[in-house]
Amino acid sequence: MSDKPEGISAEELLRIVLESIPLRVFWKDLDLNYLGANRKLLDDIGFKHIDDLIGQSDYHIYENPEDADPKRNDDREVIQTGKSKLDIEESLPIDGKELKWLRTNKVPMKNANGKIIGVLGTYQVITDQVNYRQRIEKQAFIDPLTGLANRRKLQHEITSSSFDYSGLLFIDLDHFKHVNDTLGHSIGDLILQKVAQRLQSIANKNHALLARLGGDEFSLFKIFESPEDKEAQLKQIAAEVLTSISKSFNIDHHIISSIGASIGIAFIDGENKHISNGFIEADIAMYSAKAQGRNNYQFFNENLRLATEKKHKLLNYLHTAIQRNEFELVYQPQFDSSEKLVGAEALLRWHSPEMGAVSPSEFIPIAEDSGLICPIGNWVIDEALSTLVRWHHHLKENPNFKLAINVSSIQFHDKSLASTICQKVSSKGLSSKNLSIEITESVLFDYTDTSTNTIIALKNKGFSIVVDDFGTGYSSLSKLSSLPIDTLKIDRSFIKNIDTNQTKEKLVKTIINMATLLGMNTIAEGVETDQERLTVEQLGCNQFQGYAYSKPISLEKFNELYL
Ligand code: C2E
Ligand code: CA
Ligand code: CA
């Protein structure tokens, strides 16, 4: 050690060190009374003079004895064990002052003989760091758009609360994507905020936790004291949610009234609660509510579990169905009023060794959800074109014959769909005149330009465009008239018993009149009886398809019967 500066006593020098050091310093005796501290510490606790502190305990500093106790416990521990306590994160709650956060170190103070005579502490003020950390932690648990709890927070809350009975609601807005696509994302965001407000008041009233899971999905979680009427209470909450969401939204001079919600409900009960299962089950129930036509709620149940398991199984086998050559196209003939064969619809069949014959109504939606519809759709196109090649003699004699294929709305998300089809057709030396493309109204409903451009491109190349299942969707007149559509295929639900049902007759009449006005053809599908056929024909429809003529049949059979 170098000599101390001249004229300064050792005591004075120690004082200078204590006041210069960028730390708060204090020391206490074995009774936990203060022996000394530096100025910075006095400032923190709002004491003017060191004499106000010396000889006092922490009870003298803190208004609230509970604030002093943890600090005294640490001191006592250091004195009793003789071991340091480092990096204690603690607060400094001083009346009338902003709350400070400290990182404190405490070490035993020993005399020359090594005997513990007290405790020495230092601390740094880390309020900024702690505030920053808390803000980040809070953000990680909060949905920034609505200020609601997010999925993590919800999971955290469920995991850390103790309960025996609880219910979880998954709430998914209906048609929200459409609102977003048509009115723009900023209006969409405003709607989500309003939805959050409405749901929050329901949550408050029912003492439930509300969270936004993401996108247009919200969740309510409610704990029950007893199992008695939990189902009834959840029903009540779900009904309140449906009512509140179905009320119109007034945003930026737009009145939006088309939003509903599909709600799935699951229980998370019992000793060893499986929270992730609860989430999965609420999700499954929510999809079931969507499948039930939306704007309703469904409880998870065993049948749903089985249906979901079957779906998973189907999807699993569907992955290899093309490689394993399990698909077949069957053909259903189409006729005009003079019973002349004018075309056929190619319909997909899946012969699964594991699952048996699976209906396309069952596996096409699964293929669509999983994206598998694209390779499967390509297989359908290839197979249908091979059939057209085999029919080239027939096509020479009947150049207007059209083979119709069903193309899913999902396939229309692919920008290159039109060019893919064109390439395949020309590489086989076929004419686009002999192929029609059946699309559903949902393709028209899709407001992205991709689908519209594909329809226009296909039409320009000479393919016919048929709107399938017409009348069941939401086609707008303006959309219909703006697109180059050749034919409206009247959905079979309108044809069934049309000869005895005047409402259906009026509806079909309207469809046919509209088609005529727009310069489109009509074809009736699902014609099962002569009477149905006669009625539709009298209304002005001139093409027919259905069991009255033939069921869909294999290629061999079709060739044998019709070509
Ligand atoms: P869709 O396009 O409306 O096909 C007509 C459905 O009605 C076919 O059912 C057909 O067998 C059935 N049908 C025909 N005539 C009658 C009748 O007189 N009465 C009744 N009740 N039904 C009749 P299928 O073959 O089971 O196909 C069901 C749906 O699966 C199709 O409805 C279509 O949406 C979809 N689908 C079939 N094949 C394909 C395909 O290759 N690609 C795509 N994307 N979807 C397909
Ligand atoms: Ca069809
Ligand atoms: Ca149809």
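Donors are N, O and S atoms within 3.2 Å of the metal in the case of Ca. The views below show a predicted model.

View 1. Asp468 (OD), Asp469 (OD), Glu525 (OE) and Glu525 (OE) coordinate the calcium ion (ligand 3), at 2.1 to 2.4 Å. Along the chain, the donors of this ion are spaced as D-D-x55-E.

**View 2. Asp468 between the calcium ion (ligand 3) and the calcium ion (ligand 2).** Asp468 coordinates both ions, which lie 4.0 Å apart. The relative accessible area of Asp468 is 8%, and the residue is buried.

View 3. The number of disulfides in the structure is 0. A disulfide is a covalent bond between the sulfur atoms of two cysteines. For Cys422, the closest cysteine sulfur belongs to Cys374 and lies 17 Å away, too far for a bond; the cut-off for a disulfide is 2.5 Å between the sulfur atoms. Cys422 is buried, at 18% relative accessibility. Cys541 is likewise buried, with a relative accessible area of 2%.

**View 4. Division of the chain into domains.** Domain 1 spans residues 10–130, domain 2 spans 142–300 and domain 3 spans 368–549. The centres of domain 1 and domain 2, taken over C-alpha atoms, are separated by 50 Å.

Terms used:
Residues are numbered from 1 along each chain as its sequence is written. Chains are lettered from A and ligands numbered from 1 in the order in which they are written. This is a predicted model: local features need pLDDT of at least 70, side-chain atom pairs count only at pLDDT 80 or more; totals for chains, interfaces and linings use all residues. Side-chain values use heavy atoms; hydrogens and water are left out. Donors are N, O and S atoms within 2.8 Å of the metal (3.2 Å for Na, K and Ca); water is not among the atoms, so sites may look incomplete. Buried means under 20% relative accessible area, exposed over 50%, partly exposed in between (1.4 Å probe, protein chains only). Domain bounds come from an automatic or database domain assignment.
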